[in-house]
Amino acid sequence: QVQLVESGGGLVQAGGSLRLSCAASGLTSSYRMGWFRQAPRKEREFVAAISWNGGLTYYADSVKGRFTISRDNNKNTVYLQMDSLKPEDTAVYYCATVTPVGVRWIGDYWGRGTQVTVSS
């Protein structure tokens with residue numbers, strides 16, 4: 001049974017930083033991993049993705065240069081370092097295994113999410 005558990009969310013002031021973690025279990029093969037987010041009254045959107053060995057990373061334009069995705073396969077954990085946070089980054093952040101489909105990233109297995117709130 002695949003399980004993804006996010007942690008590290010919280011309340012931070014604009015300009016601050018947070019690091020999200022996603023602990024994975026039950027994955028029997030190498031997976032691309034990604035982060036998505038959903039703000040109130042908005043659709044879920046792609047944030048970042050990383051290849052199975054960490055060699056390739058992909059970012060939404062809105063977070064490029066501010067967020068960094070990484071993984072530690074020895075710990076079965078994926079991270080999202082978020083710097084220079086803005087109020088518009090406020091959302092529930094979800095970890096997922098991902099598959100690229102055309103120019104989009106599709107989530108397969110999902111975590112339950114962690115809330116990130118950025119105050120102005």
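The legends below describe close-up views of aromatic contacts in a predicted model.

View 1. Six aromatic pairs are found in the structure.

**View 2. The tilted pair of Phe36 and Trp110.** The structure holds 6 aromatic pairs, among them that of Phe36 and Trp110, which is tilted, with 4.9 Å from centre to centre and 55 degrees between the planes. This pair links distant parts of the chain, since Phe36 belongs to strand β4 (residues 33-38) and Trp110 to strand β10 (residues 104-110), 74 residues apart. Phe36 is buried, at a relative accessible area of 5%, whereas Trp110 is partly exposed, at a relative accessible area of 33%.

**View 3. The edge-to-face pair of Tyr94 and Trp110.** Trp110 also forms an aromatic pair with Tyr94, and here the arrangement is edge-to-face, with 6.3 Å from centre to centre and 85 degrees between the planes. Because Tyr94 lies in strand β9 (residues 91-101) and Trp110 in strand β10, the pair ties together parts that are 16 residues apart in sequence. Tyr94 has a relative accessibility of 14% and therefore counts as buried, the cut-off being under 20% relative accessible area.

**View 4. Arg44 over the rings of Tyr94 and Trp110.** Arg44 lies over the face of Tyr94, at 4.0 Å from the ring centre, and also over the face of Trp110, at 4.4 Å from the ring centre.

Notes: Residues numbered from 1 in each chain as written. Predicted model: local features only at pLDDT ≥ 70, side-chain atom pairs only at ≥ 80, totals over all residues. Heavy atoms only, no water. Phe/Tyr/Trp six-rings, centres within 6.5 Å; stacked < 30°, edge-to-face > 60°. Helix = DSSP H or I, 4+ residues; strand = E, 2+ residues; numbered from the N terminus. Buried < 20%, exposed > 50% of the residue type's maximum accessible area, 1.4 Å probe, protein only. Lys NZ or Arg CZ within 6 Å of the ring centre and 35° of its normal.
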